[in-house]
Amino acid sequence: MFDNLSDRLDSVFKKLKGHGTLTENNIEDGLKQVRLALLEADVNYKVAKNVISDIKARALGQEVMQSLTPGQQVIKIVNEEFTKMMGSTHQELSFAATGATSIMLVGLQGSGKTTTAGKLAHFLRKIGRKPYLVPVDVYRPAAIDQLTKLGKQMDVPVFASTTDMKPLKICQDAKLAARDLGCDTLLIDTAGRLHLDDTLMAELEDIKKGINPAETLLVADAMTGQDAVNIAGEFDKRLDISGFVLTKMDGDARGGAALSIKAVTGKPLKFIGVGEKNTALEPFHPDRMSSRILG
Ligand code: GDP
């Protein structure tokens, strides 16, 4: 992802070393490199345009400092603007002030929802909470089995959903069962479809209204690039998403989804999935991501 953007910028600006100010002419080459890198990474076109113009506005007219090369100076600005574009600071999970917290996971089939439920259970346990896994995909017994197995492996309790139950009823019963078991955080793994569809959205709206979750997290596959961002927007319109999880960031995803999702939807990316194991989930930090991109 973003091969050598720092190197590219450094060499573009090398000739300015020592003196002078950054002018329209001499930053144009550098901005071209940033623009290229953003488009190569499959960043949303409008987002790329906005961030370039912000970088330009800040870089223009700057004195070239003695202590930094002009390249480093621009890299610092790029770094800060990328961080801002991704939401500036890490957004933590919200929990209910009283009673059990429900975290609803939504997303297309295959996006990594069930795997993420397991990863979040691991994460929650590490921060001292007691997770309870709730499979709600009553249309696919295999999905219920998958989460039940995952829970067993991790020694995290799983609600015994059956395919003849209504999704909302499962969530309501699960809340009571969680209380009996002393669990404080329900991870609700909702049904996914291969494509966006109205029936599914209506069911998810119904569950959301019925259980009033502290978090409604959309899980999307980073490998699908701008499609992930578009899907995020569609889910957000219907369900008022509280944040995103981008999975498969360990693959050869070009990074565009992570870079654009906040700027396009206004909602934060909270976690990234970086592998198939339960431990392969990282809280998303815009500043760290930006530094990683710049190398
Ligand atoms: P669901 O249909 O949305 O519940 O998707 P699953 O949780 O079953 O995941 C679909 C596939 O993606 C599985 O093979 C997972 O192991 C894989 N997967 C999920 N998250 C990640 C990730 O962060 N990295 C990688 N490499 N694979 C992942």
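Predicted model: local features only at pLDDT ≥ 70, side-chain atom pairs only at ≥ 80, totals over all residues.
Helix H5, which spans residues 113-126, gives the most to the shell around the ligand, contributing four residues.

**The ligand and its shell**

There are 17 residues around the ligand, and Gly110, Lys113, Thr115, Asp250 and Glu276 come nearest. Sorted by class, this shell holds two nonpolar, 10 polar and five charged residues.

| Residue | Atom of the residue | Atom of the ligand | Distance |
|---|---|---|---|
| Gly110 | backbone N or O atom | oxygen atom | 2.7 Å |
| Thr115 | polar side-chain atom | oxygen atom | 2.5 Å |
| Asp250 | N or O atom in the side chain | nitrogen atom | 2.8 Å |

On its own, the ligand has 590 Å² of accessible area, of which the protein covers 79%.

**The largest pocket**

The ligand sits in the largest pocket. The space in this pocket amounts to about 180 Å³. Its lining is formed by Gly112, Thr115, Thr116, Lys119, Thr247, Lys248, Asp250, Gly251, Gly275 and Glu276. Helix H5 gives the most to this lining as well, with three residues. In terms of class, the lining of the largest pocket contains no nonpolar residues, six polar residues and four charged residues.

Thr115, Asp250 and Glu276 belong to the lining of the largest pocket, and these three residues are also among those that come nearest to the ligand.

**The largest cavity**

Rolling a probe the size of a water molecule over the atoms shows where empty space is left. The count comes to one cavity of 30 Å³ or more, and the largest cavity has a volume of about 40 Å³. The residues that line the largest cavity are Met86, Gly87, Thr89, His90, Gln91, Lys262, Pro268, Leu269, Phe284 and Pro286. By class, the lining of the largest cavity divides into five nonpolar, four polar and one charged residues. The lining of the largest pocket, by comparison, has no nonpolar residues.

Key
Residues numbered from 1 in each chain as written. Heavy atoms only, no water. Near = heavy atom within 4 Å. Polar contact = N/O pair within 3.5 Å; in protein donor to acceptor, adjacent residues only side chain to side chain. Areas by Shrake-Rupley, 256 points an atom, 1.4 Å probe, with all protein chains shown as cover. 1 Å grid on protein atoms, 1.4 Å probe; cavity = no way out; pocket = protein on both sides within 12 Å on 5 of 7 lines; lining within 4 Å. Sits in = over half its atoms within 2 Å of the grid points. Helix = DSSP H or I, 4+ residues; strand = E, 2+ residues; numbered from the N terminus. Nonpolar A, V, L, I, M, F, W, Y, C, P; charged D, E, K, R; others polar. Points joined across faces, edges and corners; volume = space filled by probe spheres on them.
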